[in-house]
Amino acid sequence: MDHADAAAADPPAEAAAAAAARLKERLYATITMISVVIGLGVSEQADAAGAAATVLTAAVGLWLAALVADQQAHRVVHGRIATGAELRHMLWVSSPLLLSAAGPLILIGACALGVMDLQTALYAAAGVSVAGLFGWGWYGGVRMGSGAALALLAGALDAGIGLAVALVKAAAGH
């Protein structure tokens, strides 16, 4: 049974698979954006406009890379390019990659308005992203029904991954 047959056979399962794929993209982009904002935070040449352009370029670049990879995989597996509903599905699944820029751009905007300095905004963006990873990990633990302690552990492990990315990037100094 191919992907289209599976979708027709079990729409709730297909919707769950698409939701999981969207969340995967969101988590991947969040971890990547932590690296971007920490890199900008340790840079001494960054200004608000340049930081905003870098964050936006990173998010759009991730999104375009996902679309290229999805289209390439589709061509290899199906022998044709994705169009219509398949292409809309690819766009929908990959769209959370663009959301990874929202928090950092809001905080960089606060810097541009004089609410905080750029380094504070960038580190706050990384902190919010790490907290978001904790939230998703905790929620996943709760959804699995493993109890509060294991949900907190799952959240801490996910946040630890984000924190490790931030620390490695900061230690590298770029």
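In this predicted model, helix α1 (residues 3-9) has the lowest mean pLDDT among the elements of the protein, at 54, while helix α6 (residues 102-112) has the highest, at 97. Here pLDDT is the predictor's confidence in each residue, on a scale from 0 to 100, and helices are DSSP runs of H or I with at least four residues, numbered from the N terminus. Averaged over the protein, the pLDDT is 91, and 94% of the residues score at least 70. Because the model is predicted, local features need pLDDT of at least 70 and side-chain atom pairs count only at pLDDT 80 or more, whereas totals for chains, interfaces and linings use all residues. Residues are numbered from 1 along each chain as its sequence is written, and side-chain values use heavy atoms, with hydrogens and water left out.

Turning to charged side chains, the whole structure holds two salt bridges, each defined as a side-chain nitrogen of Lys or Arg within 4 Å of a carboxyl oxygen of Asp or Glu. One joins R80 to E86, with the closest N and O atoms 2.7 Å apart. R80 is partly exposed at 39% relative accessibility, and E86 is partly exposed at 27%. The other joins K24 and E25, whose closest N and O atoms are 3.4 Å apart. E25 counts as buried, because its relative accessibility is 11%; buried means under 20% relative accessible area, exposed over 50% and partly exposed in between, with a 1.4 Å probe and protein chains only.

A charge also meets an aromatic ring: R22 lies over the face of W92, at 4.1 Å from the ring centre. For such a contact, NZ of Lys or CZ of Arg must be within 6 Å of the ring centre and within 35 degrees of the ring normal.

Methods: Helices (H or I, at least four residues) and strands (E, at least two) are DSSP runs, numbered from the N terminus.
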